[in-house]
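Here is a friendly walk through a few helices and the residues around them. Please keep the 3D view open as you read.

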Amino acid sequence: MRPTILAFLALLLTGSPEPVPAPARSSSEGVVALMHQAAEQRKSGDYAAAAETYRRVLKRAPSLYEAHLFLGDTLRHRRLNVEAEAEFRIAENLRPSEPPPYLSLADLQREAFQFSQAPATLEKALSAVPAEKREPILASRGIILRQSGDPAAAVRVLSEAAKSYPESAKIRRSLAQSLMDLGRVEEAVQAYSAALKLSPGSASLEEEMRSARELLESLQKAQAVAKAPGADFAAWESLARLSYQARDYTLAAAAASEALKRTGAKSSLLLLRAIALERSGNPEAAGPDLKKIPREAPEHLLSLYHRAYLARLQGQGPAEEKIWAEATQMHREDSTSRLMRVLSW
């Protein structure tokens, strides 16, 4: 008690602020120690404890941007998305020109399949964040477009972004993934190669590159064999399956047709051709192949699923219900078809 009184008197007599900063330094050191503690808890996977530690930090420093940001990410790992969103929005208000809060919010929305809200969040980011910090926002924009089912739009956005950020491996990697989704494997390999030059030593990037290159080489070999005189069923079936794997659904359907000419109605190829037609934008042509698959074939249940999906696309409610009824009768062990039949009521 006495030293405190003496320090106070000294301050009154001298006007010196020297005795005052000590508590502030102590508080600052305490906040830093708690932030390190929370980081270690996150590293060990104890997100519940880390969240509590970040809350202790915020009691001492309620406007600390990093604490709100990391608390939001910690809550996100615990699937407490509403609370996480609140923390990310506080961080955004504290530093509106920084990308991480926007990226975190967009990831939350993407994970919740809110594909209309995530792009709006990133558009807001593009208007608030300076140009030199926009690279991760544009990469995220491409990822969200691809995962929402529009890889063509993702390629357009990322191709433009690559011109603005020629040193960005992240953008080129995202571009390569979108090209793969479009079945443009050769272009994807080129984009992966460019990304690896900018980010050498990335194990995950090298693995994606290796997989894409192997698929391209296998596809090129299969095309050469299938186009050779006297190509047999096996050559065309291999090309059909590799083309499907490469998401070149038009080529997959055509190759499956050539294989079927040489072998008759093989159930696995009928299903492959039907799904390839469906995904290449010709769902009406898929129906006849699906109906040809016999009930004893392993592919029969899956063919019924696709027939029901096509009926729903065409707005044929009664036909869809009839297909689910058929599935419940022929595949009594399948709980999904029973559920879908009830839902169709």
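## How α12 meets α13

At what angle do helix α12 and helix α13 pack, and how far apart are their axes? In this predicted model, α12 (residues 203-227) and α13 (residues 233-245) pack at about 150 degrees, and their axes lie 9 Å apart. Angles over 145 degrees count as roughly antiparallel, so α12 is roughly antiparallel to α13. Their crossing is left-handed.

Which residues of the two helices make the contact? From α12 come Leu215, Ser218, Leu219, Ala222, Gln223, Val225 and Ala226. From α13 come Ala235, Trp236, Ser238, Leu239, Leu242, Ser243 and Gln245. Sorted by class, this contact holds 9 nonpolar residues, 5 polar ones and no charged ones.

## A closer look at α13

You can check the length of α13 for yourself. At 1.5 Å a residue, its 13 residues should span 18 Å, and this agrees with its end C-alpha atoms, which are 18 Å apart. Just after α13, Arg247 takes a positive phi of about 65 degrees.

The buried residues of α13 are Phe233, Ala235, Trp236, Glu237, Leu239, Ala240, Leu242 and Ser243. What covers them includes α12, α14 (249-263) and α15 (267-279).

## How α10 meets α11

Now turn to another helix pair. Helix α10 (residues 169-181) and helix α11 (residues 185-198) pack at an angle of about 165 degrees, with 8 Å between their axes. That angle makes α10 roughly antiparallel to α11, and the crossing of this pair is left-handed.

On the α10 side, the contact is made by Ala169, Arg172, Arg173, Leu175, Ala176, Gln177, Leu179 and Met180. On the α11 side, Val185, Glu187, Ala188, Ala191, Tyr192, Ala194, Ala195 and Leu198 take part. The contact of α10 with α11 divides into 12 nonpolar, 1 polar and 3 charged residues.

Is Ser140 buried or exposed? Ser140 lies in helix α8 (residues 135-147). Its relative accessible area is 9%, and buried means under 20%, so Ser140 is buried. Not counting residues up to four places away in sequence, Ser140 touches Leu103, Asp107 and Leu122.

Glu92 is found in helix α5 (residues 81-94). With a relative accessible area of 5%, Glu92 is buried. Leaving aside neighbours within four places in sequence, Glu92 is in contact with Pro101, Tyr102, Leu105 and Lys124.

Terms used:
Residues are numbered from 1 along each chain as its sequence is written. This is a predicted model: local features need pLDDT of at least 70, side-chain atom pairs count only at pLDDT 80 or more; totals for chains, interfaces and linings use all residues. Side-chain values use heavy atoms; hydrogens and water are left out. Axes are lines fitted to C-alpha atoms, for helices over the stretch in contact, and angles run from 0 to 180 degrees between N-to-C directions. Helices (H or I, at least four residues) and strands (E, at least two) are DSSP runs, numbered from the N terminus. Angles under 35 degrees count as roughly parallel, over 145 as roughly antiparallel, 65 to 115 as roughly perpendicular and the rest as oblique. A crossing is left-handed if the near helix is turned anticlockwise from the far one by less than a right angle, and right-handed if clockwise. Contact means heavy atoms within 4.5 Å. Ala, Val, Leu, Ile, Met, Phe, Trp, Tyr, Cys and Pro count as nonpolar, Asp, Glu, Lys and Arg as charged, and the others, Gly among them, as polar. The expected span of a helix is 1.5 Å times one less than its number of residues. Buried means under 20% relative accessible area, exposed over 50%, partly exposed in between (1.4 Å probe, protein chains only).
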